[in-house]
Amino acid sequence: MNRGEHFDTFARVLHWGMAVLILAMLFVGVGMVASLSLRPVLIDLHRPLGIALLVLAVIRLLYRWRHPPPPLPASLPRAQALAARASHVALYAAMLAMPLLGWAMLSAGGYPVRMTPSFALPPILPPDPALYSLLRQAHGWLGYALFALILLHMAAALHHAWVRRDGVFEAMARGRSRTTTTTKVDPDPEARPEA
């Protein structure tokens, strides 16, 4: 459970695990376009990882609903708090939409979504070449948008870590409390008794 000022271990594992997988998927997607020789291998990797990310995104969304995140610092300006909430909504929407668009695109193209050599997911749309073309473009553009959202999210995280130093980054990075810890300073080290 997310208690007080930090995220619990399960929320942090989901966050960082999905971050690695999403970045890997973005690079796999670029590789599929850039390399004809690696394309079949990358497609075989891309499809099951995309479905795995869809499942993880649903789990993460349900977990976030049951275990709300810690509140943002009261010192955060209202505009930044609204931007943080809007960017999280956009990230969750993109994490759900990307694999669904990919699945729909492949279904419209008449391609199976193979999870293993012997198991494929059922199509979610009937074959339609025009729809396939439209969904393929949408999947590509949403990939660029997701990459931009990730860069924005990383910039905001670094802003909290290095500029504001308000504990927001630490709450997800290490699960530490957002309350600042004070270090005791000895007012007069000369006055201590000798050991």
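## The main nonpolar core

Let's start inside this predicted model. Its largest nonpolar core has 27 residues, and Ile 22 and Leu 146 touch the most other members. A nonpolar core here is a set of buried Ala, Val, Leu, Ile, Met, Phe, Trp, Tyr and Cys residues joined through side-chain atoms within 4.5 Å. Buried means under 20% relative accessible area, while exposed means over 50% and partly exposed is in between (1.4 Å probe, protein chains only).

Which elements give two or more residues to this core? They are helix 1 (9–34), helix 2 (39–66), helix 3 (78–109) and helix 4 (129–164). Helix 3 gives the largest share, 11 residues. Helices are DSSP runs (H or I, at least four residues), numbered from the N terminus.

Setting aside neighbours within four places in sequence, Ile 22 is in contact (heavy atoms within 4.5 Å) with Leu 53, Met 95, Leu 146 and Ile 150. Apart from this core lies another one, of five residues, including Ala 11, Tyr 63, Ala 171 and Met 172.

## Helix 1 against helix 4

The axes of these two helices come within 11 Å and cross at roughly 135°. Axes are lines fitted to C-alpha atoms, for helices over the stretch in contact, with angles from 0 to 180 degrees between N-to-C directions. Helix 1 and helix 4 are therefore oblique to each other: that word covers whatever is left once angles under 35 degrees (roughly parallel), over 145 (roughly antiparallel) and 65 to 115 (roughly perpendicular) are taken out.

On the helix 1 side, His 15, Ile 22, Leu 23 and Leu 26 meet Gly 143, Leu 146, Phe 147, Ile 150 and His 153 of helix 4. Sorted by class, that makes six nonpolar, three polar and no charged residues. Ala, Val, Leu, Ile, Met, Phe, Trp, Tyr, Cys and Pro count as nonpolar, Asp, Glu, Lys and Arg as charged, and the others, Gly among them, as polar.

## Helix 2 against helix 3

Here the axes come within 9 Å and cross at roughly 145°. The contact of helix 2 with helix 3 has 12 nonpolar, two polar and three charged residues. Among them are Arg 47, Arg 60 and Arg 64 from helix 2, plus Tyr 92 and Trp 103 from helix 3.

## A histidine in helix 4

Beyond neighbours within four places in sequence, His 139 is in contact with His 46, Met 98, Leu 101, Gly 102 and Met 105.

## How to read the numbers

Residues are numbered from 1 along each chain as its sequence is written, and side-chain values use heavy atoms, leaving out hydrogens and water. Local features need pLDDT of at least 70 and side-chain atom pairs count only at pLDDT 80 or more, whereas totals for chains, interfaces and linings use all residues.
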